[in-house]
Amino acid sequence: MLLKQTLCSFLLLFIGTDLFAQQAANHLTFNRPASSYLEAMPLGNGRIGAMDFGGTNKNRIILNEKSLWSGGIQDADNDSAHLYLPEIQDLLLKGDNKAAQELLQKKFVSKGTGSGYGQGANDHYGCYQILGDLWIQWQDTTSKISDYHRQLQLDKALATTTWKRGGVEFSQETFVSMAGNFMAVEIKSSKKNGIGLFLNLSRAKDASVSRKQNFLVMKGQLLNKDKKGMRYASAICPVVKDGSVRFSEKGIEIKNASSVVIYFSAATDYNIDDPGKPLTDPLSVIANTIEKALKQTFIAAKTAHIQAYSPFYQRSSFTLNNRQPDIEKLSTEERLAAFSKGNSDAQLPVLYYNFGKYLLICSSQKGTLPANLQGIWAPEYQTPWNGDYHLNINLQMNYWLAEPMGLGDLADPLFEYTASLVAPGEKTAKAYYNAPGWVAHVIANPWKYTSPGEGADWGSTLTGGAWLCEHIWEHYRFTGDKNFLKKYYPVLKGAAQFLSSILIKEPKHGWLVTAPSNSPEHAYITPEGFEGNTCMGPTMDMQICREVFDYTIKAAKILNTDPSWADSLQIKRNALAPLQIGAAGDVNEWLEDWKDSDPHHRHTSHLYGLHPYDEITPWDSPEMAAAARKTLEQRGDGGTGWSKAWKINFWARLGDGDHALVLLKQLLKPTGTFSGVNYGNAGGTYPNLFCAHPPFQIDGNFGGAAGIGEMLVQSQGKEEVIRLLPALPGSKDWADGSIKGFRTRGGFKIDMNWENGRVTQAAITALKSGKCRLLLPEGKTLDLKIPKNQLQEKNGILEFAAIEGNTYLLTSK
């Protein structure tokens, strides 16, 4: 079924490209130590996070442990809220949105302070917090430094700093082990006995530091408002070649060493399976972890780490062939600055794509919580927006790149977390809507908060949990894993039960709509001049309802279950309020064609149907796709970092790679201070490629990387047709390139080369048996070696029965 010789040559081409890929696409480089965490090198293994500043006098490594949260489980549900639901809905039906919103604020928000008004560190809601700092203080801080260089190797998850002082060469290598839950830092000197250091751990609050045998231990307990909260523990243990080690109350002094390896680990008593029942003392856990790490050399530990990490990183790749050595030899912050001035740098988008992949691997591993608003990297005790899980796009955007990159297994924390919200979400559904099924609103945390927020203007969006369910269905679309679908079917069904039970019939058309709700964080202005948020049937709600109902019906059929219920759900699905095009030719954001309070608002929620959902496509719904384009033109190209990232995906879905590239360049605009130059404080990118909301928010990194993927391969739509280079920019920098290991819906893996903007070679590997539909590139066909009566071709789309394990090569006609 395939030409083995041709396939081998094709794969060798890819291997050669990987072997000789330049550092410009895989390394972040710096020519000075970091002055803030926005210049530091992030490392992580899904649990432990670190940000290495690369200092030569006093080096700071910020430490994080993903489960370290203040607060605790709270009862934020207002159990009597459902008693006011009929009145709120009646006011909306009568068109009195102002009175409905006022009543909503009084009776239909969270009990108590909810998220603590986004400042929940000392409230029951809590917040994600920094664990502390590891400080490496050098004894010699006066000798001149030269030949300084630091880099973050994305392909190895390794941070390296090198420098000279007084003619002596020094180096520091840092990694957070994927093979074990510890961080290792090796410091070496070219001169024997050339290292003198003082090490200590610090935390500004809720911490004590002491010696325990050969460990320096930092431990404590956070607050749950007026109660005791989560316990944590961390420790370092140095291994010294030559020289001496002396412990004191302040830390560890090392003199005359030739090399030093510092092992660090951290843990909390958070119980991911039952947060209300803390685990045992975390100190014994980390002691065992470090003792195990000490049994191997640094080289052995580093090798094990790279061997555990590399398979994730190598599952997919993206290359652009254009090279610019003069640009690529610059530091990362210098490249960003030059790119913002219009200089060509073909490898910078590739680096940004790889950085997104790197951050996902390092912040999301099985058995852990999902990546939060900052992934796992936070320097604060009160993180912005509590560093929580925002469910009106932000948490979901963190995982958009997982399936297409072949990293769907790294979305397992999201799937498990979604399932864990069902039980508390059922209680919330009863309290506010007297409804079956489960609901999660806008914000959530490790304590499984599902109540509305404390403000009616933003906190009553009721489709957050349903949006999370999309990732479960998408995983099935990409893998065809029926066992997975069976495991999570009750989660999908519960979301559909809730949405279907709360629908009411609006009076003008008789459509079924949600109520009360809002379009995330945006406001409308009615013809009477009322500026409000509360409404019925906002467009995003109706899109999510259609999507949830459709895939739950399909899932029931696939699993041969609940036929009568699925039929009843189909009836409601058919009665939902449809998409509408407004007088300006755009997609309506609300049930009525109301004026936008902010025409350039960061959320473009009414285009959920274009992305991530796929009910709007240029081929299945061209009129609605044109309206989506009009909407994007109205919104403009500005916004926060993550907003620009979403727009990259929108424009790619519309097949406009050039405009997607405009947004990518907007996303890569420097923000903050670069080499002493202040670039302002807008949505863009910090010197270490962290995305600026501002402040730092990691969803933009993930969303931007996902958008690059959408420019190269798509498979959305009713028929899940594979489309190669659907939105390739016309820029010469993008004219020649390749991808390897990209995944598509239907269960296929794509390897592809292109030249002059046209596909030259491609291989499609079936990861499961089933129908494959491919939009054939111009002048190409598939070498299938099967009878013509088993093929169907219409409008350039080839359809055939693919067999698991087989690879199909694209050839010239």
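1. Overall form. The model is predicted, and its protein chain is made up of 20 helices and 38 strands. The radius of gyration is 27 Å, close to the 28 Å that the globule rule gives for 813 residues, so the chain is as compact as a globular protein of that length. Along the principal axes, the C-alpha trace spans about 80 × 70 × 50 Å.

2. Of the 813 residues, 62% count as buried. Among contacts with a separation of 6 or more, 69% are made by residues 24 or more positions apart. The accessible surface comes to about 29300 Å², and carbon and sulfur atoms account for 49% of that area.

3. Charge. The chain carries 84 positive and 82 negative side chains, and the centres of these two sets lie 5 Å apart. Side chains of opposite charge can pair when their charged atoms come close, and the structure holds 37 salt bridges.

4. The side chains of arginine 745 and glutamate 474 meet in a salt bridge with an N to O distance of 2.7 Å. Because arginine 745 lies in the loop between β31 (737-744) and β32 (748-755) while glutamate 474 belongs to helix α13, the pair ties together parts that are 271 residues apart in sequence. Both partners are buried, arginine 745 at 8% relative accessibility and glutamate 474 at 10%.

5. A salt bridge between two loops. Arginine 602 forms a salt bridge with glutamate 521, the closest N and O atoms being 2.7 Å apart. Arginine 602 is in the loop between β24 (595-596) and α17 (622-635), and glutamate 521 is in the loop between β21 (512-513) and β22 (524-525), so this pair ties together parts that are 81 residues apart in sequence. Arginine 602 is partly exposed, with a relative accessible area of 27%, and glutamate 521 likewise counts as partly exposed, at 25%. Elsewhere, salt bridges that share partners join Asp75, Asp77, Asp79, Lys111 and Lys427 into one network.

6. Lysine 255 and glutamate 253 meet through their side chains at 3.9 Å, N to O. Lysine 255 is partly exposed, with a relative accessible area of 37%, whereas glutamate 253 is buried at 18%.

7. A buried charge without a salt bridge. Glutamate 547, in helix α15 (residues 539-558), is buried yet has no salt bridge, and the nearest side chain of opposite charge, that of arginine 477, is 6.1 Å away. The cut-off that matters here is 4 Å between a side-chain nitrogen of Lys or Arg and a carboxyl oxygen of Asp or Glu. Leaving aside residues up to four places away in sequence, glutamate 547 touches Glu470, Tyr608 and Tyr613.

8. Two further buried positions. Alanine 466 is found in helix α13 (residues 464-479) and is buried, with a relative accessible area of 7%. Beyond residues up to four places away in sequence, alanine 466 touches Ala495, Leu499, Ile544, Val548 and Tyr551. Glutamine 374 is found in the loop between α8 (347-363) and β18 (389-390), and is buried with a relative accessible area of 1%. Again not counting residues up to four places away in sequence, the contacts of glutamine 374 include Tyr37, Pro379, Phe696 and Ile698.

Methods:
Residues numbered from 1 in each chain as written. Heavy atoms only, no water. Helix = DSSP H or I, 4+ residues; strand = E, 2+ residues; numbered from the N terminus. Buried < 20%, exposed > 50% of the residue type's maximum accessible area, 1.4 Å probe, protein only. Lys, Arg positive; Asp, Glu negative; His and termini not counted. Contact = heavy atoms within 4.5 Å. Rg over C-alpha atoms; globule rule 2.2 N^0.38 Å. Areas by Shrake-Rupley, 256 points an atom, 1.4 Å probe, with all protein chains shown as cover. Charge placed at Lys NZ, Arg CZ, Asp CG, Glu CD.
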